[in-house]
Amino acid sequence: MYSFYGTWPWYVSGFIIGAVMLLLIYFGKTFGMSSNLRTLCSAMGAGKNCDFFRFDWKSQRWNLVVVLGAMLGGFIATHYLSDGSGVNLNPKTVTELSGLGIDAPEGKLLPDAIVGYEALKSPKIIAILLLGGLLVGFGTRYGGGCTSGHAITGLSNLQLPSLIAVIGFFIGGLIMSWLLLPLIF
């Protein structure tokens with residue numbers, strides 16, 4: 001059962017992602033979490049106040065199934081397909097994070113230094129989270145999609161803008177983790 005509970009090899013998960021992408025291409029659909037959220041906002045009436053959300057969301061209802069599937073899949077994976085150890089980071093990464101004053105996540109997705117109860121009392125952490133959220137939202141809108149949309153759908157469709165966006169994601173991640181994060185903490 002470890003092969004089911006443990007981390008799946010890249011060639012298994014990659015094959016599944018590729019198969020899903022072939023099905024989406026066959027049916028003329030595109031994938032991306034930001035388009036799913038746009039559909040959700042439009043369905044909730046955001047089109048009354050903003051032109052970006054003014055479109056026929058009913059033709060994109062299948063996108064809402066993707067959001068539901070992501071939530072349901074995460075729940076099933078966490079509660080039924082996990083050995084309970086949570087996220088296990090490389091010891092070198094834990095050492096580097098502790099040098100920045102960030103505790104090991106201890107199996108959680110995010111460390112308490114960023115999203116813990118005490119951290120959320122800090123104006124600095126609140127400002128970082130708000131600014132980060134605004135930058136992600138702006139970048140998603142400006143770039144015409146999110147990381148999943150560009151990296152999975154866009155690259156599968158051989159779109160040059162998606163290749164440029166994915167290269168930008170990696171460069172931005174490297175700059176953040178190696179240059180900005182040590183300055184912030």
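S148 is buried in this predicted model, at 16% relative accessibility. Beyond its neighbours within four places in sequence, S148 is in contact with F31, G32, M33 and T153.

Two packed helices are described by the angle between their axes and the distance between the axes. For helix 2 (residues 10-26) and helix 8, the axes come within 10 Å. They cross at roughly 60°. Helix 2 is therefore oblique to helix 8. The crossing of helix 2 past helix 8 is right-handed.

The loop between helix 8 (147-156) and helix 9 contains L158. Most residues other than glycine have a negative phi. L158 has a positive phi, near 55°, and is not a glycine. The relative accessibility of L158 is 77%. The cut-off for exposure is over 50%, so L158 counts as exposed.

The relative accessible area of N36 is 0%. This value falls under the 20% cut-off, so N36 is buried. Neighbours within four places in sequence aside, N36 is in contact with N63, L64, V66 and V67.

Confidence was then examined across the protein. The mean pLDDT is 85. A value of 70 or more is reached by 97% of the residues. Helix 9 (residues 160-184) has the highest confidence, at a mean of 91. Helix 1 (residues 2-5) has the lowest, at a mean of 64. Where pLDDT is low, the predicted coordinates should not be read in detail.

Terms used
Residues numbered from 1 in each chain as written. Predicted model: local features only at pLDDT ≥ 70, side-chain atom pairs only at ≥ 80, totals over all residues. Heavy atoms only, no water. Buried < 20%, exposed > 50% of the residue type's maximum accessible area, 1.4 Å probe, protein only. Contact = heavy atoms within 4.5 Å. pLDDT = per-residue confidence, 0-100. Helix = DSSP H or I, 4+ residues; strand = E, 2+ residues; numbered from the N terminus. Axes fitted to C-alpha atoms, helices over the stretch in contact; angles between N-to-C directions. Parallel < 35°, antiparallel > 145°, perpendicular 65-115°, else oblique. Left-handed = near helix turned anticlockwise from the far one by under 90°.
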